[in-house]
Amino acid sequence: MRLTTKGRYAVTAMLDLAMHAKSGPICLADISKRQEISLSYLEQLFARLRRAELVESVRGPGGGYLLACAPDTISVARVIDAVDESVDATRCGGLSDCQQGDTCLTHHLWCELSEQIHGFLEGITLGQLADRQQVQQIANRQRDRLDGIDIFASAP
């Protein structure tokens, strides 16, 4: 079973956006710094997230991205689906050609597992994740780390 970097980064970036949403539009450069995800990769992901109507862009000074709806209404599965990612436990990518063009003995088991994982992720929202104490502690640590870098960067 594998969830690629694309799906993981999309969820991470959307959670970051959800946690900082009260500050107004969030620029991708800030997410990039906090989450250590390349800015160009975030731009690609957010183009897909915008097409899926999960985020809205705000142009101009002070612009950036906002969630298009409340964090409690955006499931982790919806974010992963929006970036054309799938959680697939099969070797064949669900094509049923696992064994020399035919379905292997355990194909249906792995398909059912994939469905269970998707259902699990469908039941978790960005709002629920943002409310978790561990997630808040990590976000505070990231913010403090960047504040420390900014202080030293502006010192004479």
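Contact here means heavy atoms within 4.5 Å. By that criterion, Leu126 touches Val11, Met14, Leu15, Ala18, Leu67, Pro71, Ile74 and Val79, not counting residues up to four places away in sequence. The model is predicted.

The protein has seven helices and two strands. Along the sequence, the order is α-α-α-β-β-α-α-α-α. The C-alpha atoms fill a box of roughly 65 × 30 × 30 Å, taken along the principal axes. Of the 156 residues, 38% count as buried. Contacts between residues at least 6 apart in sequence were also sorted by separation; 66% of these join residues at least 24 apart.

The protein exposes about 9600 Å². Carbon and sulfur atoms supply 51% of that area. There are 16 positive and 20 negative charges. Their mean positions lie 5 Å apart.

The largest nonpolar core contains 35 residues. Met14, Leu17, Ile31, Phe46, Leu49, Val79 and Leu126 touch the most other members. Helix 1, helix 2, helix 3, strand 2, helix 4, helix 5 (107-122) and helix 6 (126-131) each supply at least two residues of this core. Helix 1 gives the most, with seven residues. In soluble globular proteins, nonpolar side chains tend to be buried together.

Helix 3 spans residues 39-51 and has 13 residues. From its first C-alpha to its last, helix 3 reaches 18 Å, close to the 18 Å expected at 1.5 Å a residue. The buried residues of helix 3 are Leu42, Leu45, Phe46, Ala47 and Leu49. Two of these, Phe46 and Leu49, are also among the core members that touch the most others. An α-helix has 3.6 residues a turn, so residues three or four places apart point the same way. The buried residues of helix 3 pack against helix 1, helix 2 (28-35), strand 1 (55-58), strand 2 (64-67) and helix 4 (76-82). After helix 3 comes Glu53, whose phi is positive, near 60°.

Asp16 is placed in helix 1 (residues 5-19). Asp16 counts as buried because its relative accessibility is 2%, and the cut-off for burial is under 20%. Leaving out residues up to four places away in sequence, Asp16 touches Ile31, Arg34 and Gln35. One of these partners, Ile31, is among the core residues that touch the most other members.

Terms used: Residues are numbered from 1 along each chain as its sequence is written. This is a predicted model: local features need pLDDT of at least 70, side-chain atom pairs count only at pLDDT 80 or more; totals for chains, interfaces and linings use all residues. Side-chain values use heavy atoms; hydrogens and water are left out. Helices (H or I, at least four residues) and strands (E, at least two) are DSSP runs, numbered from the N terminus. Buried means under 20% relative accessible area, exposed over 50%, partly exposed in between (1.4 Å probe, protein chains only). Accessible areas come from the Shrake-Rupley method with a 1.4 Å probe; for residues, only the protein chains shown count as cover. Lys and Arg count as positive and Asp and Glu as negative; His and the chain ends are not counted. The place of a charge is taken as NZ of Lys, CZ of Arg, CG of Asp or CD of Glu. The expected span of a helix is 1.5 Å times one less than its number of residues. A nonpolar core is a set of buried Ala, Val, Leu, Ile, Met, Phe, Trp, Tyr and Cys residues joined through side-chain atoms within 4.5 Å.
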